[in-house]
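Welcome! Please open the model in your viewer and keep the selection tool at hand. We will walk through it stop by stop.

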Amino acid sequence: MTLLDDLRSPADLRTMTPEQLQQLAQEVREFLIESCSVTGGHIGAGLGVVELTIALHTAFDTPRDQLVWDVGHQGYPHKVLTGRKDRMHTLRQEDGISGFLKRTESEYDTFGAGHAATSISAAFGMAAARDLNGDDFKVAAIIGDGSLGSGLAYEALNNAGASDRDFIVVLNDNEMSIAPNVGAMHKYLTSVQRNPIYNRLRSALGEWADHATGVFKDAGALVRRWEESVKAFLTPGVLFEELGFRYIGPIDGHDIPQMIETFRAVKSFKGPRLVHVITTKGKGFPAGDHGEKWHALPPGHDPATGKPLKSSTANPNYTTVFGKALAELMDEFPKVIAITAAMPGGTGTGTVEKRHPARFFDVGIAEAHGVTFAAGMATQGVRPVVAIYSTFLQRAFDSIIHDVAIQDLPVIFCMDRAGLVGEDGETHGGIYDIAYMLAVPNMTVAAPRDGTALVGLLRTAMQHDGGPFALRYPRDVAPDLVGPATGIPAVPFGTWEVLRKGEEVAILAVGTMVGESLRAAEALAAEGLPVTVVDCRFLKPYDASTLTALVASHAQLLVVEEGTVVNGFGAFMAAVVGEMDPGVRVHAHGVPDRIVYAASRTRQLRQCGLDAAGIADKVRALHESEALAG
Ligand SMILES: Cc1ncc(C[n+]2csc(CCOP(=O)(O)OP(=O)(O)O)c2C)c(N)n1
């Protein structure tokens with residue numbers, strides 16, 4: 001039996017010796033490396049905070065004290081220590097435990113997350129409610145240095161620092177976002193890390209002053225005053241101090257006894273305080289602590305090297321197609337630049353960083369800023385391509401309307417992970433972008449059915465002499481092999497393509513749903529039900545002449561989209577067709593109005609009826625209802 005096998009709850013940690021806690025850290029690390037090699041997952045961040053998690057649960061009285069982890073991807077050690085070790089083999093799977101933290105999963109998960117930089121706001125809200133309720137537990141937000149670059153984090157610090165509430169922020173500084181961190185805050189933290197000498201002196205003096213008695217009492221007060229007056233010049237955490245936080249650190253985030261001692265002391269301090277902890281992302285991974293490489297690993301990898309056990313022969317995914325095409329098209333379009341919000345690898349824009357470094361901008365985890373920054377560039381004749389996942393672009397909705405659309409600026413939005421995203425689950429689902437982009441005046445909205453169409457539409461967007469242009473594409477392998485961008489023509493603006501002609505029912509398919517609809521049509525044709533299939537690659541502006549012809553020749557239109565059915569393309573078409581010919585029925589078939597939880601993307605599509613079988617079922621049902629009505 002190991003210590004980890006014996007652990008029943010975090011309360012057990014509080015009875016362990018420092019040596020046992022150290023051994024436990026080793027066991028947790030080994031367990032996670034092994035377990036994630038089967039399930040896959042975000043291993044890097046968790047490996048970096050094994051000791052920090054142990055120290056927090058030891059020093060704080062969890063679950064009474066509330067720990068609020070930012071993003072939640074670093075929560076694997078927290079899961080293992082809070083009774084979920086035996087379910088780790090179900091991580092990120094259908095009906096399994098989440099890859100992030102989730103209130104319904106454990107009383108220790110105080111606040112659900114997945115998006116970055118919410119922890120300080122949420123934790124400060126909890127502290128405010130605690131005070132209103134007359135409670136006295138502790139609340140601590142644990143946020144990474146990458147997420148600290150986000151506007152939301154500053155808004156929260158600004159709000160909390162002006163209060164005198166009992167409130168703690170733990171800054172987990174590993175110098176990494178997913179990629180190496182960027183920005184002035186990062187530079188500042190690095191300089192703080194490298195200059196801990198004064199801080200140590202200050203802590204020692206402060207402690208002495210606090211405990212000075214007798215003849216030294218006056219000297220103690222003097223030291224306190226000196227500390228106050230010089231700290232503005234010398235304290236490493238002066239920025240946080242100026243924001244109203246008492247700064248403690250930097251401390252070694254792998255030294256469990258030092259952290260426990262610090263957190264215990266910090267618990268007794270008053271007002272907002274920030275503890276700066278230095279950790280190494282991916283620590284202990286057998287192949288080295290390479291933070292970015294081990295950020296996330298696929299299911300079925302070699303625990304020693306991180307390499308997948310099965311080699312993949314599949315086509316490249318849309319991200320790869322996009323990144324390569326963008327870098328190539330930028331040779332032809334000298335005014336185009338690329339913007340990422342801390343995800344050069346995830347969005348494929350790392351290719352631009354290599355090929356056109358001066359035309360590549362990583363703004364950090366700052367989606368709203370990234371969009372308004374793009375708007376500013378667009379006023380100067382530059383054509384920005386903003387590559388942000390559909391789910392994270394939600395953060396920038398106001399910037400899209402207020403800064404881009406109202407001024408009709410030619411910003412190109414490339415929304416990767418649009419649609420169902422599989423194992424990352426409900427926090428990362430890209431199912432709202434059709435609804436939110438269609439609602440924006442001046443916005444062109446387009447979706448490719450394959451990789452070649454993605455490149456063609458990207459070219460169309462770069463050539464388009466108009467306002468903003470949004471392109472959505474899925475977390476999936478492209479169904480085709482894509483040639484060099486130079487050989488791929490633009491897709492004619494605002495057009496649809498009729499791919500298959502049938503009778504009675506026409507399927508208006510969007511992006512990923514084109515292939516599924518064609519497969520459905522094939523099955524239906526074999527049953528004597530020939531249906532029309534249209535690739536609606538432009539959702540807005542829609543192809544009015546093709547739509548008019550379809551309305552004239554079909555009794556029913558089935559709009560199929562990998563996005564929420566509420567206010568999506570189906571709803572849009574229903575309104576348009578209702579005006580054209582109220583006799584034609586329009587049915588919206590998309591992601592139902594419910595939360596779609598983690599499962600493989602294939603399973604999620606099945607659950608929503610968004611695969612060939614589900615689409616064919618829908619057509620059959622329409623046909624039967626028409627036959628009954630007729
Ligand atoms: C709003 C938002 N944008 C982007 C992401 C993608 N993302 C997940 S983790 C991460 C890096 C977080 O870095 P940091 O806060 O330093 O935490 P660490 O991974 O180092 O623990 C990013 C960019 C996200 N989760 N949320």
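Helices here are DSSP runs of H or I with at least four residues, strands are runs of E with at least two, and both are numbered from the N terminus. Before you select anything, note that this is a predicted model, in which local features need pLDDT of at least 70 and side-chain atom pairs count only at pLDDT 80 or more, while totals for chains, interfaces and linings use all residues. Residues are numbered from 1 along each chain as its sequence is written, and side-chain values use heavy atoms, with hydrogens and water left out.

**Stop one: α4 and α5**

Select residues 50-59 for α4 and residues 76-84 for α5; the two pack at an angle of about 45°, and their axes are 9 Å apart. That angle makes α4 oblique to α5 (under 35 degrees is roughly parallel, over 145 roughly antiparallel, 65 to 115 roughly perpendicular, and the rest oblique). Axes are lines fitted to C-alpha atoms, for helices over the stretch in contact, and angles run from 0 to 180 degrees between N-to-C directions.

Now show the side chains. Val50, Thr53, Ile54 and His57 of α4 meet Pro77, His78, Leu81 and Thr82 of α5, where contact means heavy atoms within 4.5 Å. By class, this contact holds 4 nonpolar, 4 polar and no charged residues (Ala, Val, Leu, Ile, Met, Phe, Trp, Tyr, Cys and Pro are nonpolar; Asp, Glu, Lys and Arg are charged; the others, Gly among them, are polar).

**Stop two: around α5**

How many residues of α5 are buried? The helix is mostly covered, with 8 of its 9 residues buried (under 20% relative accessible area; exposed is over 50%, partly exposed in between, with a 1.4 Å probe and protein chains only). Their cover includes α1 (3-6), α2 (18-39), α3 (43-48), α4 and β1 (66-69).

**Stop three: α13 and α20**

Next, select residues 318-332 and 451-463: α13 and α20 pack at about 35°, with axes 10 Å apart. Their crossing is right-handed. Among the residues that meet are Phe322 and Leu326 in α13 and Leu454 and Leu458 in α20. The contact has 10 nonpolar, 1 polar and 2 charged residues.

**Last stop: two cysteines**

Finally, pick Cys36, which counts as buried because its relative accessibility is 0%. Cys536 is likewise buried at 0%. A search of the whole structure finds 0 disulfides (pairs of cysteine sulfur atoms within 2.5 Å). For Cys536, the nearest cysteine sulfur is that of Cys608, 20 Å away.

How values were computed. A crossing is left-handed if the near helix is turned anticlockwise from the far one by less than a right angle, and right-handed if clockwise.
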